[in-house]
Amino acid sequence: MMKRFTKEENSWIFYDWASSAYSIIISTAVFPIYYKAAATNAGVSAANSTAYLGYTISIATFILAMLGPILGTIADYQGYKKRFFSFFFTLGMGFTALLAFIPSEQWLLLLACYTLAAIGFSGTNIFYDAFLVDVTTEERMNRISARGFGLGYIGSTIPFIISIAIIVLAQSELIPLSTTAASKTAFIITAVWWGLFTIPLFKNVQQRYYIEREANPVFNSFKRLFKTLKEVQKHRALFLFLLAYFFYIDGVGTIITMSTAYGTDLGINSTSLLIILFITQVVAAPFAILYGRLSERFTGKKMLYVGIVIYMGVCIYAYFLDSTLDFWILAMLVATSQGGIQALSRSYYAKLIPKEKANEFFGFYNIFGKFASIMGPLLVGVTAQVTGNSSSGVFSLVILFIIGILILIKVPEPNKA
């Protein structure tokens, strides 16, 4: 029976609770709608405003994918991990709050601010993930990682409900706020929520595994990075896992990011989509925690198999989808495994890497996760255009899950690697 969570474990877990507000309010729900309205009011066409948002996300993703391993390698030195975490956290939270003070007609400035907020958010996650090796043991990593995702889903619903309630009340003129002001209030709520619940991590989590400081740390970090790149294929288990992760997490990420567009193509209105998104978050929370507990009984690798197979079922079911009820069923299927597959991937990887180089290796993990988000949307787009059917586009993602699970089968268990 697993003992109760330590202060360090709980403090680490609560960062998922803290940062989840950004994921749903800024990345997924409120900011994209707010930006689209601002760009439209400024005379930008719908197609162009969507394209500019896409370019912005791509730029932020590319910057982090390139910087991740470099910064991670430097952060492996004693005392550097918390400093890098603090820098990106301040960047992300600060520019999230700043979104509320930019005039809504300044849509280009909004995108610039959003880019810096996104870099801060994603950059913080590199070092947050790497702190997993510092707060717990290998035997507890699956449970701790899964609980973080579970609490993250629960935590995201609270500021989301508050923000949506303020926006709906403003739209209905039941409170003396414009819709623009209500959206800006949501940005402030996100920044405050993120900052408040990150305090325990700052107070209680420390870097336990590190490389001793040396002269010319930046130069030596580059030397270590290139050495790791040359040797990565010698770490067979690590290399195979990253390759498997690249494919199956691409499918997971594509389904998450394109679900709203897919639902719109089916004729589901925006209000219904927001409700489905909210319920999905609620359902995902206990299932993420359940994955962690089941992994202790059946191993993390077997539970990853379960998650991938469920996602393959989602892709197949999507092909026959033709009603709002079908979309609800699809969303609930995704909710059962969305958090679990991400949580167990994180903890499985953490068990494979050398702890004193956790930041460097999680930088690579971040690269694979970021670049994986390119292939899936492209596959969906091309398939949908060729067939003239969005459902066929989603169905095509089954290829990524098949490749991912076939490679994962060849990855030895962490204690045998």
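**Reading the model feature by feature**

Reply: Let us start with a loop residue, Glu-173, which is found in the loop between α6 and α7 (179–196). Please keep in mind throughout that this is a predicted model.

Me: What is the phi of Glu-173 near, and is Glu-173 buried or exposed?

Reply: Phi of Glu-173 is near 60 degrees, which is a positive value in a residue other than glycine. As for the surface, Glu-173 is exposed, with a relative accessible area of 71%, and the cut-off needed for that reading is a value over 50%.

Me: Where does Thr-299 lie, and what is its phi near?

Reply: Thr-299 lies in the loop between α11 (270–298) and α12 (300–319), and its phi is near 80 degrees, again a positive value in a residue that is not glycine. With a relative accessible area of 29%, Thr-299 is partly exposed.

Me: How should I read a pair of aromatic rings?

Reply: The general idea is that a pair of aromatic rings is described by the distance of the centres and the angle of the planes. In this structure there are 33 aromatic pairs. In one of them, the ring centres of Phe-89 and Phe-202 are 5.4 Å apart and the planes stand at 65 degrees, so the pair is edge-to-face, given that planes over 60 degrees apart are placed in that class.

Me: Which parts of the chain does the pair of Phe-89 and Phe-202 tie together?

Reply: Phe-89 lies in helix α3 (residues 80–98) and Phe-202 in helix α8 (residues 199–204), so the pair ties together parts that are 113 residues apart in sequence. As for accessibility, Phe-89 is buried, with a relative accessible area of 6%, whereas Phe-202 is partly exposed, at 27%.

Me: Which residues do ring pairs link into a cluster with Phe-89 and Phe-202?

Reply: The cluster linked by ring pairs includes Phe-89 and Phe-202 together with Trp-12, Tyr-15, Tyr-22, Phe-85, Phe-121, Tyr-128, Phe-131 and Trp-194.

Me: How do I read the packing of two helices, taking α1 and α6 as the case?

Reply: Begin with the axes, and then consider the angle, the handedness and the residues of the contact. The axes of helix α1 (residues 7–41) and helix α6 (residues 141–171) come within 7 Å and cross at roughly 45 degrees, and α1 and α6 are therefore oblique to each other. The crossing in which α1 passes α6 is right-handed, and the contact of α1 with α6 has 18 nonpolar, seven polar and three charged residues.

Me: At what angle do α1 and α4 pack, and is their crossing left-handed or right-handed?

Reply: α1 and helix α4 (residues 107–130) pack at an angle of about 160 degrees, with their axes 11 Å apart, and they are therefore roughly antiparallel to each other, the class for angles over 145 degrees. Their crossing is left-handed, and the residues of the contact of α1 with α4 divide into 18 nonpolar, five polar and one charged.

Me: How do α12 and α16 cross?

Reply: The axes of α12 and helix α16 (residues 398–409) come within 9 Å and cross at roughly 165 degrees, which makes α12 roughly antiparallel to α16. The crossing of α12 and α16 is left-handed.

Me: What are the corresponding values for Asp-250 and Trp-193?

Reply: Asp-250 and Trp-193 are 57 residues apart in sequence, and their C-alpha atoms are 29 Å apart in space. Asp-250 has its place in helix α10 (residues 236–265) and, at 1% relative accessibility, counts as buried.

Note on methods:
Residues are numbered from 1 along each chain as its sequence is written. This is a predicted model: local features need pLDDT of at least 70, side-chain atom pairs count only at pLDDT 80 or more; totals for chains, interfaces and linings use all residues. Side-chain values use heavy atoms; hydrogens and water are left out. Rings of Phe, Tyr and Trp (its six-membered ring) pair if their centres lie within 6.5 Å; planes under 30 degrees apart count as stacked, over 60 as edge-to-face and the rest as tilted. Helices (H or I, at least four residues) and strands (E, at least two) are DSSP runs, numbered from the N terminus. Buried means under 20% relative accessible area, exposed over 50%, partly exposed in between (1.4 Å probe, protein chains only). Axes are lines fitted to C-alpha atoms, for helices over the stretch in contact, and angles run from 0 to 180 degrees between N-to-C directions. Angles under 35 degrees count as roughly parallel, over 145 as roughly antiparallel, 65 to 115 as roughly perpendicular and the rest as oblique. A crossing is left-handed if the near helix is turned anticlockwise from the far one by less than a right angle, and right-handed if clockwise. Ala, Val, Leu, Ile, Met, Phe, Trp, Tyr, Cys and Pro count as nonpolar, Asp, Glu, Lys and Arg as charged, and the others, Gly among them, as polar.
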